[in-house]
Amino acid sequence: MNNNYTVMVVDDEDSVRKLLSAVLKREGYQVVCAGSGEEALSKFKTVQPDLVIMDIRMPNIDGITAFKEMRQLSQNVTVILMTAYAAVETAVEAIKLGAFDYVIKPFDIEEVKLLTNRAIQLQKMTEKIYVLNQQLIDSYRLDKIITNSPKMQELCQNINKIAQSNASVLITGESGTGKELIANTIHYNSKRNSGPFIKINCGALPEGLLDSELFGHEKGAFTGAIMRRSGRFEQADHGTLFLDEIGEISPNLQVKLLRVLQEREFERVGGNATIKTDIRVLAATNRNLQEMVKQGTFRQDLYYRLNVVSLAAPPLRERREDIELLAGYFLQKFTAENEKAILGFDPDVLRLLENYNWPGNVRELANIIERAVIMSTGSRIFPEDLPDNLRYSNESDLISSFGFEKPEGKTLKEMIKKVECMLIKEALQRNQGNKVKTAKELGVSRRSILYKIQEYEIE
């Protein structure tokens with residue numbers, strides 16, 4: 001709503017002030033008027049308007065001088081200047097200094113209304129971007145990382161130490177361990193957090209396309225280059241560039257990347273102009289770059305440029321104390337997304353989660369919990385809501401523990417089902433068919449027993 005926004009009209013002609021004031025009030029804006037540059041500066045300090053519409057030619061303090069002083073008081077001030085034909089060049093210079101636009105007297109009221117609405121829309125968008133950026137910064141605060149693990153706590157301490165520097169960081173770890181989360185946390189806890197955070201997966205693109213994506217290209221540089229395009233290094237200026245899967249880049253691109261890291265300059269593909277860039281580079285890999293250096297597939301000088309600081313993301317199997325915490329977080333997230341009322345996990349589920357080896361790490365855990373939420377029809381997650389590979393992965397010793405030998409042609413999964421069916425039948429017999437007592441004896445939920453009775457067609 002426009003009545004939340006204030007416009008200051010500054011002109012030494014009373015008729016202009018009254019006209020603009022009436023028009024803008026009809027548009028719903030709050031309007032404050034000033035008859036001179038001095039009055040405008042005095043009111044600007046107290047009113048703090050969202051937009052200033054100001055004449056350039058005024059006695060004593062002219063519009064350009066007042067605009068410059070306003071910019072010193074508030075860098076975000078939005079100003080539309082009014083000028084006669086003879087002073088258009090001055091207005092253009094003011095735009096170079098940061099003015100939003102200008103109108104030529106005598107002006108068209110519709111043009112003023114249009115420019116005012118555009119300026120306020122820009123203001124609204126700027127405010128929204130600021131709020132979203134603050135929310136991002138807040139969401140990546142170090143104290144919001146979910147962990148009870150000593151390894152992760154040490155990692156957070158190291159992130160806190162290096163975030164404020166401009167040093168390049170190499171993040172290593174298996175797939176799914178949260179390397180991108182670490183990169184996000186470094187950026188949003190750094191001095192560059194108001195600047196762009198640009199990401200690119202170096203393993204997802206062929207060499208020619210990756211070259212263009214990183215450095216940009218000029219029009220006509222190759223077939224299909226119909227216009228100039230900026231690359232990720234330009235887009236990340238005054239911010240952070242995250243190079244994921246850095247171990248996948250070709251030797252040719254390694255040379256170009258080394259130059260950018262050393263000189264902070266590059267040329268677009270097909271171009272001659274040297275472009276300077278002010279960026280911080282974070283890189284991540286699940287490969288052993290030291291071994292690649294020994295094999296000659298990764299440049300040693302590039303490795304040392306990237307590896308000013310090294311952070312290792314621990315696999316989930318080395319931070320088992322976090323499994324229940326993370327599972328609870330993902331359960332809350334996915335129940336909200338799927339509009340379900342699931343309150344928690346059956347104890348058997350937590351046992352399975354904590355004993356599983358997690359080759360896919362945190363990413364796999366998130367996927368499994370999301371699947372369980374989708375499959376669940378009750379108020380809790382039960383073992384039958386989990387995929388078979390997780391339910392049976394910890395039972396490889398079950399057959400031998402009961403003195404069975406694996407028959408020829410039978411799979412482990414088939415044997416596990418056979419033994420499970422036998423155990424349930426025997427427990428039901430001992431408890432005279434009482435499913436609650438059977439479940440308690442076997443250490444599982446009643447729902448699990450009902451599910452198994454149906455699955456194995458036990459009478």
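**Entry 1: strands 3 and 4**

I looked up strand 3 and strand 4 (residues 79-83) and found them paired in the parallel sense over 4 bridges. Two strands count as paired if DSSP finds at least two bridges between them. Helices (H or I, at least four residues) and strands (E, at least two) are DSSP runs, numbered from the N terminus. The model is predicted, so I note that local features need pLDDT of at least 70, that side-chain atom pairs count only at pLDDT 80 or more, and that totals for chains, interfaces and linings use all residues. Residues are numbered from 1 along each chain as its sequence is written, and side-chain values use heavy atoms, with hydrogens and water left out.

Which residue in strand 4 is the bridge partner of Met 54? I found Leu 81 there. I then followed the chain from strand 3 through helix 3 (residues 63-73) to strand 4, and this β-α-β crossover is right-handed. Right-handed here means that, with the strands pointing away from the viewer, the path from the first strand over the helix to the second runs clockwise.

Strand 3 also has strand 1 (residues 6-10) as a partner: 4 bridges join them, and they run parallel. In that pairing Met 8 stands opposite Val 52.

I checked how covered strand 3 (residues 51-55) is, and 5 of its 5 residues are buried. Buried means under 20% relative accessible area, exposed over 50%, and partly exposed in between (1.4 Å probe, protein chains only). One side of strand 3 has Leu 51, Ile 53 and Asp 55, the other Val 52 and Met 54, and both faces are covered.

**Entry 2: strand 6**

Next I looked up strand 6 (residues 169-172). Strand 6 pairs with strand 11 in the parallel sense over 4 bridges, and Val 169 has Leu 282 of strand 11 as its bridge partner. Strand 6 is also joined by 4 bridges to strand 12 (residues 309-312), again running parallel. There I found Thr 172 opposite Ala 312.

**Entry 3: salt bridges**

Side chains of opposite charge can pair when their charged atoms come close. I used this cut-off for a salt bridge: a side-chain nitrogen of Lys or Arg within 4 Å of a carboxyl oxygen of Asp or Glu. How many salt bridges does a search of the whole structure find? The search finds 32.

I looked at Lys 113 and Glu 27, whose closest N and O atoms are 3.7 Å apart. This pair links distant parts of the chain, with Lys 113 in helix 5 (residues 109-139) and Glu 27 in the loop between helix 1 (14-26) and strand 2 (30-34), 86 residues apart. Glu 27 is partly exposed, at 26% relative accessibility.

The next pair was Arg 229 and Glu 213, with the closest N and O atoms 3.4 Å apart. Arg 229 is partly exposed at 32% relative accessibility, whereas Glu 213 is buried at 12%.

I also noted a network of salt bridges that links Asp 11, Glu 13, Asp 55 and Lys 105.

**Entry 4: backbone angles**

Most residues other than glycine have a negative phi, and most peptide bonds are trans. I looked for departures from this.

The peptide bond from Lys 105 to Pro 106 is cis, with omega near -5°. I located Pro 106 in the loop between strand 5 (101-104) and helix 5.

Glu 245 is not a glycine, yet its phi is positive, about 55°. Glu 245 lies in the loop between strand 8 and helix 10 and is buried, at 16% relative accessibility.

Trp 358 has a positive phi too, near 55°. I placed Trp 358 in the loop between helix 14 (347-355) and helix 15. Is Trp 358 buried or exposed? At 0% relative accessibility, Trp 358 counts as buried.
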